[in-house]
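Please find below a short note for a colleague who is meeting this structure for the first time. The sequence and the model come first, and the comments follow.

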Amino acid sequence: MAQQHLKLLDELLSHPRFQEWAVGNAPELDPYWENWTRHDPDRKEVLLIARRIALSFHTGVPTISNEYVYGKINQAISTAHTYQEDDTVDVKRSNQSFIFAAAASLL
Amino acid sequence: MLTLRESFRNITDEIIWERYREGNEAAFNEIFLRYYQRILHYGLKFWPDQLLVEDCIQELMIRIWQKRNVVNRTESVKFYLLKTFRHILFRKLKQNRVFSEKTEEDRLQEVSVEDQFIREETHEVLKNKVKVLLSQLTPRQQEVLYLRFYQNLSPGEIAELLQINTQSVCNIIHRAFQKIRETTPISNHNNFIFSIIQFFL
């Protein structure tokens with residue numbers, strides 16, 4: 001593949017509208033791409049490679065619902081607060097120890 | 001909850017990040033509603049154990065929420081999340097002795113995504129197709145292509161994430177493209193592309 005083809009491949013894969021079309025989310029762009037490759041076999045080949053690569057990355061995306069993610073987020077916040085409370089208790093304990101030690105040294 | 005999301009419509013990640021830094025829980029929610037799935041997808045490319053990967057995302061979220069008052073501004077929330085997540089995942093895999101004492105580079109050579117895929121894949125034909133792919137792209141090439149063209153990170157961001165220089169990232173992409181095309185005979189081209197698709201399924 002020639003240098004200019006690699007550059008074209010990079011440009012296509014970096015283009016958000018191309019990515020949308022490549023994974024099937026923008027069928028209205030079909031005529032645009034058909035026109036873009038018309039009478040140009042090199043472009044056609046690069047477009048084919050780019051589309052398949054884009055598609056290959058897109059597939060395998062796990063399907064999870066917003067509700068599921070909300071659940072995970074709430075769990076994380078709740079755990080973070082628990083850690084924070086534990087830290088506060090530890091600090092209080094350590095302060096108490098310091099006060100006791102200070103009081104003992106005054107006795 | 002979903003109505004609350006409407007208030008973030010058309011608001012950039014970076015502005016939402018600023019609200020999160022002020023302790024806004026809804027902004028924190030929005031960040032992960034936008035990126036949870038992407039991070040999970042990235043993690044599964046490293047290690048096909050959803051439970052372990054989601055544990056790491058959980059740790060990421062806890063850490064991010066805990067740091068809300070001290071964390072800096074960021075120019076790319078996505079990059080910050082992927083970088084922090086990658087660090088957590090690698091540490092976890094090391095703890096689990098998946099990486100043992102080996103360097104990350106060793107790991108990329110030996111415990112690649114394809115290895116995992118092949119280990120779990122029973123279909124003989126598909127196995128062979130992925131083996132063809134294995135001989136074409138290195139794990140690092142795959143990761144770089146994935147980060148560049150699926151996660152849309154810039155070469156500079158990928159360089160920082162992988163701790164290599166930007167020129168190396170560009171070279172890796174260039175070489176991967178060349179391999180994809182040049183080492184595959186034209187007549188087998190569609191078969192080869194098919195194996196790439198199968199690999200990422």
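Predicted model: local features only at pLDDT ≥ 70, side-chain atom pairs only at ≥ 80, totals over all residues.

The points below move from the chains to their contacts and then to local details.

1. Chain A. This chain contains 5 helices and 0 strands, so that its pattern along the sequence reads α-α-α-α-α. It has 107 residues, of which 17% count as buried. Among the contacts in chain A with a separation of 6 or more, 68% are accounted for by residues 24 or more positions apart.

2. Chain B. Here the secondary structure comes to 12 helices and 0 strands, and from the N terminus on the elements run α-α-α-α-α-α-α-α-α-α-α-α. Of the 201 residues in chain B, 31% are buried. Contacts that join residues at least 24 apart make up 64% of those in chain B between residues at least 6 apart in sequence.

3. Domains of chain B. Chain B is divided into domain 1, residues 11-101, and domain 2, residues 113-201. Their contact takes 12 residues from domain 1 and 8 residues from domain 2. On the domain 1 side, the elements that give two or more residues are α3 (25-46) and α5 (77-95) of chain B. The largest share of that side, 5 residues, comes from α5(B). By class, the domain 1 side has 6 nonpolar, 1 polar and 5 charged residues.

4. Contact between the chains. How many residues of chain B are in contact with chain A? The contact joins 30 residues of chain B to 29 residues of chain A. On the chain B side, at least two residues each are supplied by α3, α4 (50-66), α9 (139-149), α11 (166-182) and α12 (189-200). The largest share of this side, 9 residues, comes from α3(B). The residues of chain B that touch chain A divide into 20 nonpolar, 7 polar and 3 charged.

5. Packing of α2(B) and α3(B). The axes of α2(B), residues 13-21, and α3(B) come within 8 Å and cross at roughly 140°. The two helices are therefore oblique to each other, and their crossing is left-handed. From α2(B), the residues Asp13(B), Ile16(B), Trp17(B), Arg19(B) and Tyr20(B) meet Ala27(B), Phe28(B), Glu30(B), Ile31(B) and Arg34(B) of α3(B). By class, the residues of this contact comprise 6 nonpolar, no polar and 4 charged.

6. Backbone at Asn10(B). Most residues other than glycine have a negative phi. Asn10(B), a residue other than glycine, has a positive phi near 65°. Asn10(B) lies in the loop between α1 (2-6) and α2 of chain B. Is Asn10(B) buried or exposed? Asn10(B) counts as exposed because it has 6 C-beta neighbours inside 10 Å, and the exposed class holds residues with 12 or fewer.

7. Backbone at Asn152(B). Asn152(B) is not a glycine, yet its phi is positive at about 55°. Asn152(B) is found in the loop between α9 and α10 (155-162) of chain B. With 16 other C-beta atoms within 10 Å, Asn152(B) is partly exposed.

Terms used: Residues numbered from 1 in each chain as written. Chains lettered and ligands numbered in written order. Domains from an automatic or database assignment. Contact = placed C-beta atoms within 7 Å. Helix = DSSP H or I, 4+ residues; strand = E, 2+ residues; numbered from the N terminus. Nonpolar A, V, L, I, M, F, W, Y, C, P; charged D, E, K, R; others polar. Buried ≥ 20, exposed ≤ 12 C-beta atoms within 10 Å, placed from the backbone. Axes fitted to C-alpha atoms, helices over the stretch in contact; angles between N-to-C directions. Parallel < 35°, antiparallel > 145°, perpendicular 65-115°, else oblique. Left-handed = near helix turned anticlockwise from the far one by under 90°.
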